[in-house]
Amino acid sequence: MSAEADDIIFALGTNPTTASCFNPEDHFSIVSSTDLKTWTVVTNVNSGIPGSVHVWVPEWYVEGGVARVLANIDIGEKKNFRPYIFTAENSSLTSWSGPVDMGIGAPGKNRIDTVMVKSGGTYHVFTKENYTL
């Protein structure tokens, strides 16, 4: 997912320790580019959750001029994903709040690929319960 500001493109992503998407990663990254060819890491945002194993599918949304990221965080080896919200603490996107649990699904329900869509003044959240990872 990317966002554009003053001719700078910002994108979110994850970068596991090896090429496999199933290897551990305890953060998501924000990168920027002015030409879509050269990318610079703006910051890595740690999950802030003890024992986190994976941070997947970070998604931007902006509310009232404030950037937020919804990310799915696993604390149980691909069996306990839950959606969390992080809030930018500055306009340069270098400082972020700790995670706020969205309260969707009980622990162990493995909610992955959570996305949020705003229609009118209402946010709608779509997620799936997955036990096949």
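Okay, hi everyone. Before I start, keep in mind that this is a predicted model.

Strand β5 covers residues 54-63, strand β6 covers residues 66-74, and the two run antiparallel, joined by eight bridges.

Now over to strand β4, residues 40-46, where you'll find Thr 43. So is Thr 43 buried or exposed? Its relative accessibility is 14%, and the cut-off for buried is under 20%, so Thr 43 counts as buried. What does Thr 43 touch, if we skip its neighbours within four places in sequence? It's in contact with Phe 28, Ser 29, Ile 30, Leu 93, Thr 94 and Trp 96.

Two of those names come back in the aromatics. Phe 28 and Trp 96 belong to one aromatic cluster, together with Trp 60 and Phe 86.

Across the whole structure, the search turns up five aromatic pairs. One to look at is Tyr 61 with Tyr 123: the ring centres are 5.7 Å apart and the planes are at 65°, so this pair is edge-to-face. Tyr 61 is in β5 and Tyr 123 is in β10, residues 122-129, so the pair ties together parts 62 residues apart in sequence. As for accessibility, Tyr 61 counts as buried at 15%, while Tyr 123 is partly exposed at 25%.

That's it from me, thanks.

Terms used
Residues are numbered from 1 along each chain as its sequence is written. This is a predicted model: local features need pLDDT of at least 70, side-chain atom pairs count only at pLDDT 80 or more; totals for chains, interfaces and linings use all residues. Side-chain values use heavy atoms; hydrogens and water are left out. Two strands pair if DSSP finds at least two bridges between them. Helices (H or I, at least four residues) and strands (E, at least two) are DSSP runs, numbered from the N terminus. Buried means under 20% relative accessible area, exposed over 50%, partly exposed in between (1.4 Å probe, protein chains only). Contact means heavy atoms within 4.5 Å. Rings of Phe, Tyr and Trp (its six-membered ring) pair if their centres lie within 6.5 Å; planes under 30 degrees apart count as stacked, over 60 as edge-to-face and the rest as tilted.
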